[in-house]
Amino acid sequence: MYVSITRLKLRSIWSLAKFGRQSNLVARQAKAAPGNLMVKLSNRWFNTFYTITHWNSKEAMQQFMINGEHKKAMQQWAVYASEVKVYGFETMDPPTWKEARLMVENKGRITTRHA
């Protein structure tokens, strides 16, 4: 199984409504995407948001990432996010939220991709 963890920090509370709408569309797309096994969302306060998605392969996750609502969201990251950090890995043992937050903090890479 491939696990992808994302942390997004909003620039401003004024971005929250737009980000929330877009986040819901992306989560819906992920849940319906071929190869998706699970989608989890979480937040810390009003400005830091996390996702954990489980996939049957890295390729399935990559196909999701470059299409549909997720592609649109990536194109707008610079507008509402001050930072987007990602970490992905193969595992048979999915992380807990606590583990996932530490992994993306310590091992994640800041992405500037606005494909």
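How exposed is Leu-16 in relative accessible area?

1. Leu-16 is partly exposed, at 31% relative accessible area (buried is under 20%, exposed over 50%, partly exposed in between, with a 1.4 Å probe and protein chains only). Leu-16 belongs to helix H1, residues 16–32 (helices are DSSP runs of H or I, at least four residues, and strands runs of E, at least two, numbered from the N terminus).

2. This is a predicted model, in which local features need pLDDT of at least 70 and side-chain atom pairs count only at pLDDT 80 or more, while totals for chains, interfaces and linings use all residues. Residues are numbered from 1 along each chain as its sequence is written, and side-chain values use heavy atoms, leaving out hydrogens and water.

3. Trp-45 sits in the loop between strands S2 (36–44) and S3 (48–55). Its phi is near 55°, a positive value in a residue other than glycine. Trp-45 counts as exposed because its relative accessibility is 77%.

4. The structure holds three salt bridges (a side-chain nitrogen of Lys or Arg within 4 Å of a carboxyl oxygen of Asp or Glu). Arg-7 forms one with Glu-83, with the closest N and O atoms 2.4 Å apart. This pair links strand S1 (residues 2–10) to strand S4 (residues 81–90), 76 residues apart.

5. Arg-7 also meets Glu-105 in a salt bridge (2.3 Å, N to O). Glu-105 lies in helix H5 (residues 97–107), so this pair ties together parts 98 residues apart in sequence. Arg-7 is buried, at 5% relative accessible area, whereas Glu-105 is partly exposed at 40%.
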